[in-house]
Structure formats: structure tokens, C-alpha cells
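Trainee: I have just opened this entry and would like to go through it with you. Could we take it step by step?

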Amino acid sequence: MTDHPTFPAIGRPVDELVAEIRGGRGDDADWRAGRTFSLVYNAADPELERLHEAVAHEYLHENYLNPFAFPSLLRMEREVVAMGADLLHGDPRAGKLTSGGTESIFLAVQVARDHARAERGIAEPAIVLPETAHPAFAKACHYLDVTEVRVPVGPDGRADLAATAAAVDDRTALVVGSAPCYPFGVVDPIPELATLAAERGALCHVDACLGGWLLPFLERLGEPVPPWDMRVEGVTSLSADVHKYGWSFKGASLLLHRDEDLLKRQYFLFDGWPGGLYGSATTAGTRPAAPIAAAWATVRYLGMEGYLRLADQVRAASARFRAGIEAIDGLHVTGDPVPGIMEIAADPGSGIDMGAVGDVMDDRGWHLDRQQGGLHAIISPSHLAAADAFLADLADAVAHHGPSRGVEARYGGVG
Ligand SMILES: Cc1ncc(COP(=O)(O)O)c(C=O)c1O
């Protein structure tokens, strides 16, 4: 007897299937109640949700493989790129939307690799990045046969400039910084990293997948945000995910290059088959259309005013979380992150096992990511209402945890 289903002999009615799908969701995380952190960025705005549902419905079946068949999508993509470039002080024509942070990073690495080969004759390009940079870079290097050189960070979690300078050499195609990095939520010293890259003729990518649609608004709200965007000379590309703090639904990231010449290196054209000329600007062939339209609609719906309001709510919720965490004996937030992202860590000598604390939190329905130094949280406006319950559970978990159940593989369907 196997529990694998066999191929269905006959079809079933819609209502029955929808009921079964709904019935099977009992163990899914309750993101609307603020129970997830990095998985769903929840603006807690029912009107925005209504907009997303309408847009998804409108563009459910279209295929963005061929933008000329659906000029409305091409128009919306161009407008999102231009609006994002306006926000990030870049060239309104030098970007594309991709399916997410990982794809934006892949393409940035591919562009750097091809630029290094073509312009500098580097046969085996390498990229240099702080150890806090997202695994998407390791994945891209693995797929694209580029050497990855990870450099330790300083005690504040930011890229160590001396170590980076020592790692950059004639093979370096790309120097990477994050704004901010995922593990600690701190912004790397981008101007200095960009200078190190420029001195070698290398490109410099800023991974602002997390911060791209948050830092510009925090800056306007008066938060101390170090320089990181296209205002920094030597930055040649940046990734900014509309499906994270841009508040759109999954499947949209902005990859912005310094100029159109760099963007063109991202294009793939092929006519060596009998099927005509095939061209694409991103890695997928057939492409969902709804994320493009949703990115456009979300930016238009929120506008500067809405993004400022949401960034302020992220700031308020983060301050509430941080104060509550630091009021629990033996816990602290690592370093000095920008509002929104934090690692919750145990004080040295406290004897608190954060893995075990995470297990108790799991059992209570809170989905915190594990990292080597503690638990990781990304804060959305929906967490404001959840803060008291979260902090009470966290205090209880610290006081009453047993031994840890051990580390599980948590990402990408591994495990
Ligand atoms: C800093 C950073 N870069 C890249 C990524 C990858 O983005 P995605 O999961 O959309 O591919 C993430 C995801 O959390 C991130 O935090």
C-alpha cells in the first residue's frame, strides 16, 4: 500500500475540490494574524487585499512571455521600473521586473560575469561578498559557474572593508553589499564597497531585496539610513523586491541597472532552431502576468503617502517588539538593525537555548526562522496587533523551554 495517489480516472466538481483544498489548510500558518515573519509581508489593509484579488483575477491567464501580445503588461512593467527608478535615483529605462529576489540576484551575477568576460577578458570570474549576503548569491554562483568569495563581517554585522579589499583581485567581476542584510538587518558600507569595485573595473550590486521599498521611506521619516542606492557612485545594479516591503503579492522584484548597456547584457536572444527568434529579458519562459500588474497597482494604490504610512507602522511595530524582547531577562536584539528586521538572541551566559525557544514558539503557531545566533523576525504592520501575544509567548518560552528538537531544513522544500 502506498500513500502516493494514482492518476485520477475521472474529474471532480469544482465546489468539492475547493472544499477539499480549504479543508486541507488546517496546519497552514495564520499569516493574517501576524504568525509568519519573513514569508508574508502583510500591510494589514483590506482594501489592498481586495485590489490584489481583483488584479490576480484580471490577469490570471495571460502570459508575459510575449510582452507585445499584452502591451498593457509591458506598459505596467515599464511604469513600475520608472517609478522605482525615481524612488532609487536610477535610470527609468535601465530595469526589469523579475519573479523575485533570487532571480534578480541571478541576473545581476550573470550580467557581471558576462561584463567581466567581455570587457576585462576574465575567463573565470569571481564575486566578493560579505558572509551575511543572501544564499541566492551562492545559488547563482553554483548555477552560473562563478567563484564565490565570502568575507567575514565586522562585530557590527557589516561588511569588513579591510577583509573585502584583501579579497578583491583581478578576477573580481562583482562586489556585493546588502541594504540591509537578512540575518542582522544592517546596511553594509555601500559607498566604500562600490569604490573597491570601481578601482578594479568591477561591478557593484546592492542587494536591497529587503530594503529597496522600505529604506527610502524610513529615510523620509527621519531614520538614519546610510547611503546605499543609485546616488552612490560605483553602484551598478540593485535589486528591490516589490513582493516584500513593496507590499505586492509574490512574484515581483525590481532589478535596476546603472544604464541600459548593462541591462542589455541581461537579454537572451536565440534563433538557432526552426521555431523563429526567441528572446527574453529574464530567466523564465512562460511568465505569470498577475505579479506585474499587481506591482503596478500596489505602487499606484499606495503612493508616497501610503508607503510612508506603512513604513511608519513597521517602525512602530519593530520598536514595540524590540522593547518587549529586551525586557525579557536574558534576551536581546543583535546589533542595531534598521526597523523591520531583527535577530532575537540570548545573552551570553544566560543558558537560554534559542532553538528550544523556537520550538515552543512553533508549537504556539509562531513561525520564526532559525539562525545560528538566534531567531529571526521580519516585522509588518500586522505585527502591531500581535505584539502582546507574541511577547507573552516568548517570555513563557524562555522561562519554560525544554531541550531543543534540533535544526530542521526549513527552506525551499528541502526536507
Ligand atoms: C536580503 C535578501 N536578498 C534576497 C532574498 C531572496 O528573495 P526571494 O526569496 O524573493 O527570492 C531575500 C529573501 O528574504 C533577502 O532577504
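Trainee: Into which domains is the chain divided?

Mentor: Please keep in mind that this is a predicted model. The chain falls into domain 1, covering 53-300, and domain 2, covering 303-399.

Trainee: What separates the centres of domain 1 and domain 2?

Mentor: Taken over C-alpha atoms, the two centres are 28 Å apart. The contact between them draws 25 residues from domain 1 and 24 residues from domain 2.

Trainee: And what area is buried between domain 1 and domain 2?

Mentor: About 2,000 Å² is buried there, and carbon and sulfur atoms give 68% of that area. On the side of domain 1, Tyr182, Leu221 and Trp247 supply 28% of the area buried against domain 2, more than any other three residues.

Trainee: How many salt bridges are there between domain 1 and domain 2?

Mentor: The count between the two domains is one salt bridge. The side chains of Glu223 and Arg315 also meet in a salt bridge, at 2.9 Å from N to O.

Trainee: Which helices each supply at least two residues of the side of domain 1 that touches domain 2?

Mentor: Those are helix H8 (215-220) and helix H10 (290-326). H8 gives the largest share, four residues. By type, the residues on that side of domain 1 divide into 18 nonpolar, three polar and four charged.

Trainee: Changing topic, how many residues surround the ligand?

Mentor: The ligand is surrounded by 13 residues, and the closest are Gly101, Thr102, Asp207, His243 and Lys244.

Trainee: What lies 2.9 Å from a ligand oxygen atom, then?

Mentor: That is a polar side-chain atom of His243. In the side chain of Lys244, an N or O atom is 2.8 Å from an oxygen atom of the ligand. Gly101 takes part through its backbone, where a polar atom is 3.0 Å from a ligand oxygen atom.

Trainee: Back to salt bridges: how many does the count come to?

Mentor: The count comes to 27 salt bridges. One example joins the side chains of Glu47 and Arg50, at 2.8 Å from N to O.

Trainee: Why are Glu47 and Arg50 separated by about one helical turn?

Mentor: Both belong to helix H2 (residues 46-58), and they are about one helical turn apart because they are three residues apart in that helix. In general, side chains of opposite charge can pair when their charged atoms come close.

Methods. Residues are numbered from 1 along each chain as its sequence is written. This is a predicted model: local features need pLDDT of at least 70, side-chain atom pairs count only at pLDDT 80 or more; totals for chains, interfaces and linings use all residues. Side-chain values use heavy atoms; hydrogens and water are left out. Domain bounds come from an automatic or database domain assignment. Contact means heavy atoms within 4.5 Å. Buried area is the accessible area (1.4 Å probe) that two parts lose on being put together, summed over both. A salt bridge is a side-chain nitrogen of Lys or Arg within 4 Å of a carboxyl oxygen of Asp or Glu. Ala, Val, Leu, Ile, Met, Phe, Trp, Tyr, Cys and Pro count as nonpolar, Asp, Glu, Lys and Arg as charged, and the others, Gly among them, as polar. A residue is near a molecule or strand if one of its heavy atoms lies within 4 Å of it. A polar contact is a pair of N or O atoms within 3.5 Å; within protein, one must be able to donate a hydrogen and the other to accept it, and residues adjacent in sequence count only if both atoms are side-chain atoms.
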